[in-house]
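Here are some notes to read alongside the model.

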Amino acid sequence: MKILVTGGAGFIGSAVVRLAVAKGHAVVNLDALTYAASLENVATVSNNTLYAFEHADIRDRSAIDTIFERHQPDAVMHLAAESHVDRSIDGPADFIETNVNGTFNMLEAARSYWIRCGSPDGFRFHHVSTDEVYGSLPADPQIRFTEATAYDPRSPYSASKAASDMLVRAWFETYGLPVVLTNCSNNYGPYHFPEKLVPVVILNAIAGKPIPVYGTGENVRDWLYVEDHAEALLLVLEKGRTGRSYNIGGGNERRNIDLVRTICAVLDRRRPKADGSYADQISFVADRPGHDARYAIDPGRIRDELGWRPSVTVEEGLERTVQWYLDNEAWWRPLQDRKGVGERMGIKA
Ligand SMILES: NC(=O)c1ccc[n+]([C@@H]2O[C@H](COP(=O)([O-])OP(=O)(O)OC[C@H]3O[C@@H](n4cnc5c(N)ncnc54)[C@H](O)[C@@H]3O)[C@@H](O)[C@H]2O)c1
């Protein structure tokens, strides 16, 4: 299969690109190379004959049309997005333009290409979204997000992703475009951009800096190792029912403070400090406005219909992730100089 992957130079998109090429798919990576991108993320496949790169912006409809014509993909996996909640609080416009208008462009370009191809049933437009569209859950562990949970986005980021999901559903109902959607919980793993929680904790810890925890650290997230997510995405692309959405979660609910302490404990073993524990560097800072209390995924549909299960626990995934950051300073060090990285954002509201 030839897959057009948008956002393939980002964190999750690059995991999809690497896995898809490893499975023998041809991949066209379409990416605007924003601050969040790095072509180093796909360096292991960039010389592979199955791989092609297109530097393009999904806000540019004519560029997207040209790429569809040039590469004639069998499927689209749409991951390109602005993805950092704190940045969406300070500057929501980019999130509307890329996540909403950009997705609209992708849908229209895909629809027009699909019609020119004779509207094949086998074509797929896979829209990759987030569990944040469902809003915030109470503490009760019996209550989790299902595909039937009503949307209730509460940040500019999640609102823009919710809007894009609605467009994708409408293009299925109205035009019959063969779409699938996925809504995933928090990812972590190698190549995670150094402004997100897990790399911030690892990198601040080893730099001897305070490790910031928002509020009291009680917020709960359901953590998924990025390579398990990539496996799930390719499975949904190939086996998912059109017009359907699939929630993807790791079944690894953790309070932020517990996740941070686990990372510190891994570092204490793998790179012990001369004195004390990395946990001594934990520093509670002002909370994010509108910070969702809890996310938790019910993965019943993807498990029962498609047989997917995550392969690693969060403890195992964090061991691998911490070691990856310890081994790959040449990857993360230059990214720390990019605009805004290391600054506290999202508290102006
Ligand atoms: N990170 C998570 O935990 C998580 C969880 C669930 C869903 N998602 C979704 O998965 C997708 C990928 O997330 P990520 O964490 O890898 O994001 P990321 O920020 O690491 O990467 C986004 C990529 O999209 C590209 N991009 C941004 N704007 C673009 C534009 N206008 N045109 C073309 N390319 C553009 C960037 O250059 C970058 O390579 C997003 O749609 C996000 O909403 C992320």
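**Notes on the sheet and its surroundings**

1. All six of the six residues of strand β6 (residues 179-184) are buried, so β6 is largely enclosed by the rest of the structure. Here buried means that 20 or more other C-beta atoms, placed from the backbone, lie within 10 Å of the residue's own. Strands (E, at least two residues) and helices (H or I, at least four) are DSSP runs, numbered from the N terminus. V179, L181 and N183 point one way from β6, while V180, T182 and C184 point the other way.

2. This is a predicted model, in which local features need pLDDT of at least 70 and side-chain atom pairs count only at pLDDT 80 or more, while totals for chains, interfaces and linings use all residues. Residues are numbered from 1 along each chain as its sequence is written.

3. What does β6 pair with? On one side there is β5, joined to β6 in the parallel sense over six bridges, with H126 opposite V180. β6 also pairs with β11, again in the parallel sense, over four bridges; there C184 stands opposite I248. Two strands count as paired if DSSP finds at least two bridges between them.

4. The open sheet has seven strands, in the order β3-β2-β1-β4-β5-β6-β11, with parallel pairing. Its edge strands are β3 (51-55) and β11 (245-248), each of which pairs on one side only. On average, neighbouring strands are turned by 20° against each other, direction ignored. Axes are lines fitted to C-alpha atoms, for helices over the stretch in contact, and angles run from 0 to 180 degrees between N-to-C directions.

5. Strand β4 (residues 75-78) runs parallel to β5 (residues 124-130), and four bridges join them. M77 has H126 as its bridge partner in β5. Helix α4 (residues 92-116) packs on the sheet and touches β1, β4 and β5, its direction making about 180° with that of β4. Contact means C-beta atoms, placed from the backbone, within 7 Å.

6. β5, helix α5 (residues 156-175) and β6 form a right-handed β-α-β unit: with the strands pointing away from the viewer, the path from the first strand over the helix to the second runs clockwise.

7. The largest nonpolar core has 92 residues, and those touching the most other members include M77, V201, I202 and I263. Such a core is a set of buried Ala, Val, Leu, Ile, Met, Phe, Trp, Tyr and Cys residues joined through C-beta atoms within 7 Å. Leaving aside neighbours within four places in sequence, I202 is in contact with I263, L267, V322 and Y325.

Conventions:
Two residues are in contact if their C-beta atoms, placed from the backbone, lie within 7 Å. A residue is buried if 20 or more other C-beta atoms lie within 10 Å of its own, exposed if 12 or fewer, and partly exposed in between; C-beta atoms are placed from the backbone.
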